[in-house]
Amino acid sequence: MAMNLTRRNLLKTASLAAASVPLSKVVAKAETGIAKVPLIPPGSFKKTKTVTGGVCEMCFWRCQLVGKVRDNRLIKLEGNPKSIDNGLNLCARGNSGIKLVYDPDRLKYPMKNIGKRGAPKWKKISWEEALDTCAAKLQATIDKYGPKGIGVWYHGASAHYPTAYFEYLGVPNMYEPAFYQCRGQTAMAMMQTLGFVPNEDVDMANSKAMLLVGCHLGENIHLSHVKNFLKGLENGSKLVVVDPRFSASAAKAHIWVKIKPGTDTAFLLGLMNYMLGKGCYNKSFVDKHCLGLNKLKTHVAEWSIEKTAKECDIPGKQIVEVAELLCEHAPHVAVHPGRHAAWYGNDFQRVRANACLTALLGAIDCPGGIVQIKRMSTGHVHWPKVEHEEDPEDMALAEMEEKYPFRPPGTPPELMRETMVTGKPYPIKSMVIWGTNSIKTMPNQEETMKALANMDFIMVTDVSPTDITMWADILLPEACYLERYDHIEKGTQWNQSDKPQQFVAARMPLVEPMFERKDSVWMINELARRMGHEKDIPVKNQEEFVDHMLKEADLSIAKLRKLDGIYIQEGESPYLKKGDEPEFGTDSGKIELYSEAMDDEDFPPLPTYTRTEEPPKGYARMIYGRSPVHTFNRTANNAWLSREVPENPLWLNDESAKKMGIKDGDRVSLENQAGKRSAGSTVVKVTPGIRKDCVFIAHGFGTFNPAMTVGYNKGIDDNSLNTKINREGETGISGMRINFVRIIKNGKTINIPG
Ligand code: MGD
Ligand code: SF4
């Protein structure tokens, strides 16, 4: 794992940033439209002060941090010493937030595209002109098509206020990739089975055994979660990792199940069949709390060890070994619920199988299991409720959405994209894109570009240039997470110290935004004024926005400032007390191994395995995951992170590589089953640590916006090769591990032997 951003390295580079050596040399770039960044001469710093109240957003785990500031310039970030969550730690990405603040490529002024969408030429304009244009264009769309003529794609804390405004306007088309390309299926399938969404509330620290199915902790880094995992290992918990690849977690595993990609549901059904057959499941828990045991037993009976082993291409004795290990340690088994689940287009059923296995072990609300934790209650900011006339066309899209009865909140993205292209059931003609790079998140990039080309108007708000900003007509520069207020972070910590505690933190700026960057509350209020909604504006500014949310917890920005940014009080242990019964929010109030609701909607009521298509001859399945020092494509232009991991090496099986004449370090590009070639190239990592039927690359690389001078064209964009999609019936979410690739070296296509 290339994670050598040492503390010393960071300090060294931090002091470079402080002296702003690289920044002083920066000249204007088309998209940022600015001359030099002001130079602060080395040695001119007086003294350093610590500013508290930061909340990280280099990823969405939101660790609490403090900034060391000299002469109004951030020179170092550290974990907030008061944090009961991440403590003094920040991960490499968290530490490198400084390089985002002072990235010379960042958006600085409102800009108008006077070139083409996708091939922009930027003209710096005033905020007045930018907002007047956005208001006029959005209003024109509403006048012609109604609010349904607008679509919103959004991600991140700063989008909360804007999306509330667009809901108030009556815009029905809203899509957030955090659900549809990430944890949507996990949340919905867990809800359907257990009646709650465990997210990642799994007590690995106190477990006796852990099961990670395709979850690659260590490369997937959410700081306190990884600490929880490591504490479990330190405490002697036995780890089982199911992954076609020798991931960072597999490297720590007692049992690595080198599973055939796409067969995990079969594996889980096989485990359950063994446990039910042997009677080694948690009978008292299941009898009390689960519905449908006998039906499940009959249903999984076909998954003998032999059949499961053959389907998953693993040794039968390994299945027995895993099942016995889990039973031996039940209920103190951390069956990780997983997070990103949009794998094969049959994932709802896999997550249901995972939840049923957890239930058979009784590994819920007990030490080591998944737990229902209580967080302090805080408020929301609402725009006034407006009754919008029921529009029959509007209902038509709602009816299309009804096809996916277990979908997460919001509009399924491809349904919206199709509507943008076809105009059916109604035209969507203006897009508002806030903090999301849909070119890199939504599979089938060409379709996304086609949909964007079909718009009358596109407004994009971002902190930096990205692939999607190239499609903007008006591009608005936002203050980044270290320069603004916007988010309330809260949680309960029960397994890292003696007594449970809970906390509330609010994101507060560590430094003032530079240039003409603004926060989202300011931008939306100015837009709302221009669109005639001044009287309904619910909060005057970002401080009022945050204060309003804090009020419910009897807190305020002023109080939090006095508390160094974090309020802490006694918490509750999530473990059930003797005599208490767990509560499940399903219709029946029980864990639904058999789901009536799914049966009513004509979906398999018991977790069911569907085979995924095999790679054609000469191709391998392209699987993907995370780089430990990057977050999607968001960090591609970060100078420190990009220096550590500039591209995404292609993992290729060593025996296959030998037959192909490919050596470790060779530079290659990829071609998918539809003949689509990657724009960029990368190096090969030849390893026995991956199966022959797949290759692996980390997601988020291969950015194609030249305004990102650090990240431009580095590595391979996995999403550009996701041309085939398989939309799941239950949720409308598309699987993304169903594309196959072969290798191109020196212009020559080389088949991958199976
Ligand atoms: P996945 O993509 O589900 O990611 O993190 P995870 O939920 O852990 O899983 C990736 C792993 O699945 C890889 O090890 C891959 O080899 C394996 N895999 C591929 N196909 C299969 C298969 O068929 N079966 C099995 N069993 N394994 C398979 C995602 C999570 O990470 C999310 S959703 C977010 S939003 C965060 N993002 C993020 C980030 O961008 N960067 C870093 N550093 N950390 C992150 N943490 C979070
Ligand atoms: Fe920031 Fe890292 Fe924490 Fe994510 S895990 S919030 S990037 S410090």
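Is aspartate 71 buried, partly exposed or exposed? Aspartate 71 comes out as partly exposed, at 37% relative accessible area. The cut-offs are under 20% for buried and over 50% for exposed, with partly exposed in between (1.4 Å probe, protein chains only).

1. Ground rules. This is a predicted model, where local features need pLDDT of at least 70 and side-chain atom pairs count only at pLDDT 80 or more, while totals for chains, interfaces and linings use all residues. Residues are numbered from 1 along each chain as its sequence is written, chains are lettered from A and ligands numbered from 1 in the order in which they are written, and side-chain values use heavy atoms, with hydrogens and water left out.

2. Positive phi. Most residues other than glycine have a negative phi, and most peptide bonds are trans. Aspartate 71 has a positive phi, near 45 degrees, and sits in the loop between β2 (64-70) and β3 (73-79). Helices (H or I, at least four residues) and strands (E, at least two) are DSSP runs, numbered from the N terminus. Asparagine 199 also has a phi near 45 degrees; its place is the loop between α7 (177-194) and β8, and it is partly exposed at 35%.

3. Cis prolines. Have a look at the bond from alanine 330 to proline 331: it is cis, with omega near 5 degrees. Proline 331 belongs to the loop between α13 (316-329) and β12 (333-335). Lysine 424 and proline 425 are also joined by a cis peptide bond, omega about 5 degrees, and proline 425 is in the loop between α16 (413-422) and β13 (430-434).

4. Salt bridges. The whole structure has 44 of them, counting a side-chain nitrogen of Lys or Arg within 4 Å of a carboxyl oxygen of Asp or Glu. One pairs glutamate 219 with arginine 245, at 2.9 Å from N to O. Glutamate 219 is in the loop between β8 (209-213) and α8 (223-234) and arginine 245 in the loop between β9 (238-242) and β10 (255-257), so this pair ties together parts 26 residues apart in sequence. Both ends are buried: glutamate 219 at 8% and arginine 245 at 1%.

5. Two more pairs. Lysine 307 and glutamate 302 come to 2.5 Å, closest N to O; lysine 307 is partly exposed at 33%, and so is glutamate 302 at 45%. Glutamate 478 and arginine 484 bridge at 3.6 Å, with glutamate 478 buried at 3% and arginine 484 buried at 5%.

6. The ligand. Where does ligand 1 lie? Domain 2 (195-373 + 576-600) and domain 3 (620-750) both give residues to its shell, so ligand 1 lies between them; the bounds come from an automatic or database domain assignment. Of the 32 residues around ligand 1, the nearest are His216, Asp243, Asp264, Tyr344 and His630, "around" being a heavy atom within 4 Å.

7. Ligand contacts. A backbone N or O atom of histidine 630 is 2.6 Å from a nitrogen of ligand 1, and a polar backbone atom of glycine 262 is 2.8 Å from one of the ligand's oxygens. Taken alone, ligand 1 exposes 920 Å², and the protein buries 99% of that (Shrake-Rupley method, 1.4 Å probe).

How values were computed
Polar contact = N/O pair within 3.5 Å; in protein donor to acceptor, adjacent residues only side chain to side chain.
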